[in-house]
Amino acid sequence: MRLVSFILPAGATARAGVLLDDAIIDLAAAAALISEEAAAAQWDMLSLLRGDHPDATIAAAADIVQAVINVMGGADPSEAPLGEFNWHEGLTIGDTALVIPATQVRLVAPLPQAVSLREFDALADERTVMMRRAAGYWVGDRNWPAFRFASHTAILGPDEPIELPMLEPLDCGMALGCVIGRAGHDIAPEDADAYIAGYLLVNAWTIRDPLAASLRPRDRATSLGPWLVTPDELEYYRDDDRRLMLELRLRLNGRELARANTALMRWSFAELIAFASRDTMLYPGEVLVSGVATGGCLLDLHGDDGPWLRAGDEVVIECAELGQLRSPVGLGLELE
């Protein structure tokens, strides 16, 4: 499934949904198709991941998707022949919209309230690591996984603008993330995949201040999205070592700057989870980030003198399997 969080035109809070073609199943609205208990549950993404209600889980979300497809005549949106149900028009039963065209809602970060953000350094090659270290920026140990915590309260979603700092330069950071879906500690690498709720694209916005970079985590913001893709959707893209083989692309103002394949990660997400859970508990809703890919930031491409991001720029990170994470860049007054 491609799980999303969205806000209705007249709404104020994010709701959990499932993206099918160009339409979104509103899980809260469609839950009545499977049970009254599910309809009474809270269907935001964090509650879904935690399983706060026994009838509002990722497994229940899959049941709702199937129930909606059955109501629509059993036509899968990717396979429906011409003349079958038009998913773009949505589905309403009575006054309740169960399926809504994606153009009629606003997507936000799939996990608007991340429990934590752990930023590893597993997707940069040795040359890039040496360059980043020489420029004064934090890099992880090369002998075992290493991470630092980033601000989990500064989460942005797809198409949500990033505000330029007043004085310091701003850089982007192309990365891949996984979201924890089960609580666990001292997780063995061979068991870790079962703790992953899904994968998403990450843009790790970095303030370029080499004098302070080694003393503090970046603290600008992190963009997540546009979807949270469940692991079953990506099984075809795993290599013999269970690493995902996904190609990430970074574009600035329409021009491609870099590509990176996640198969080159120094450690798999299973190994990152095993390391992060050593002597501590991981909880649903925590996000583990691969680290910025080689070439995935302006520092890698231009060195520590820039140029850096400017007002009016548009940064896009995309992956065929994970969608397109678009972020406009602007000054504070322009974003109001």
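Trainee: Which residue stands opposite Ile180 in E14?
Mentor: Ile196 stands opposite Ile180. Keep in mind that this is a predicted model.

Trainee: How do E12 and E14 pair, and over how many bridges?
Mentor: E12 and E14 are antiparallel, with 7 bridges between them.

Trainee: Which other strands pair with E14?
Mentor: Strand E11, residues 170-171, pairs with E14 over 2 bridges in the antiparallel sense, and there Leu170 faces Ile207 of E14. Strand E15, residues 221-229, is also antiparallel to E14 and is joined to E14 by 6 bridges. In that pairing Ala204 has Thr222 of E15 as its bridge partner.

Trainee: How many residues of E14 are buried?
Mentor: 12 of the 12, so E14 is largely enclosed by the rest of the structure.

Trainee: Which residues have the most contacts inside the largest nonpolar core?
Mentor: Tyr199, Trp205, Ile273, Leu309 and Leu322, in a core of 63 residues. Another core of 44 residues lies apart from that one, and Val18, Ala41, Val65 and Met72 are among its members.

Trainee: Switching to rings. How many aromatic pairs are there?
Mentor: The count is 5 aromatic pairs. One of them is Phe147 with Phe275: the ring centres are 6.3 Å apart and the planes are at 80 degrees, so the pair is edge-to-face. Phe147 is in strand E8 and Phe275 in helix H7, 128 residues apart, and the pair links these distant parts of the chain.

Trainee: Which residues do ring pairs link into a cluster?
Mentor: Phe120, Phe147, Phe149 and Phe275.

Trainee: Which rings have an Arg over the face?
Mentor: Tyr195 has Arg182 over its face, 4.3 Å from the ring centre. Tyr137 has Arg208 over its face, at 4.6 Å from the ring centre.

Trainee: New topic, Asp300. Where is it, and is it buried or exposed?
Mentor: Asp300 is in helix H8, residues 298-302. Its relative accessibility is 19%, and Asp300 counts as buried.

Trainee: What does the side chain of Asp300 have at 2.9 Å?
Mentor: A polar atom of that side chain lies 2.9 Å from the backbone nitrogen of Gly295. With neighbours within four places in sequence left aside, Asp300 is in contact with Thr128, Met131, Arg132, Ala293, Thr294 and Gly295.

Trainee: Back to sheets. What is the strand order in the open sheet of 5 strands?
Mentor: The order is E10-E21-E20-E16-E17, and the pairing is mixed. Strand E10 (162-163) and strand E17 (255-261) stand at the edges with a single partner strand each, so one side of each has no neighbour in the sheet.

Trainee: How do E16 and E20 pair?
Mentor: E16, residues 247-252, and E20, residues 314-319, are antiparallel over 4 bridges. Leu252 has Val315 of E20 as its bridge partner.

Trainee: Last one. Where is Ala59, and is it buried or exposed?
Mentor: Ala59 is in helix H4, residues 58-71. At 52% relative accessibility, Ala59 counts as exposed.

Trainee: How far apart are Ala59 and Ser268?
Mentor: Ala59 and Ser268 are 25 Å apart in space, C-alpha to C-alpha, and 209 residues apart in sequence.

How values were computed. Residues are numbered from 1 along each chain as its sequence is written. This is a predicted model: local features need pLDDT of at least 70, side-chain atom pairs count only at pLDDT 80 or more; totals for chains, interfaces and linings use all residues. Side-chain values use heavy atoms; hydrogens and water are left out. A nonpolar core is a set of buried Ala, Val, Leu, Ile, Met, Phe, Trp, Tyr and Cys residues joined through side-chain atoms within 4.5 Å. Buried means under 20% relative accessible area, exposed over 50%, partly exposed in between (1.4 Å probe, protein chains only). Two strands pair if DSSP finds at least two bridges between them. Rings of Phe, Tyr and Trp (its six-membered ring) pair if their centres lie within 6.5 Å; planes under 30 degrees apart count as stacked, over 60 as edge-to-face and the rest as tilted. A charge sits over a ring if NZ of Lys or CZ of Arg is within 6 Å of the ring centre and within 35 degrees of the ring normal. A polar contact is a pair of N or O atoms within 3.5 Å; within protein, one must be able to donate a hydrogen and the other to accept it, and residues adjacent in sequence count only if both atoms are side-chain atoms. Contact means heavy atoms within 4.5 Å.
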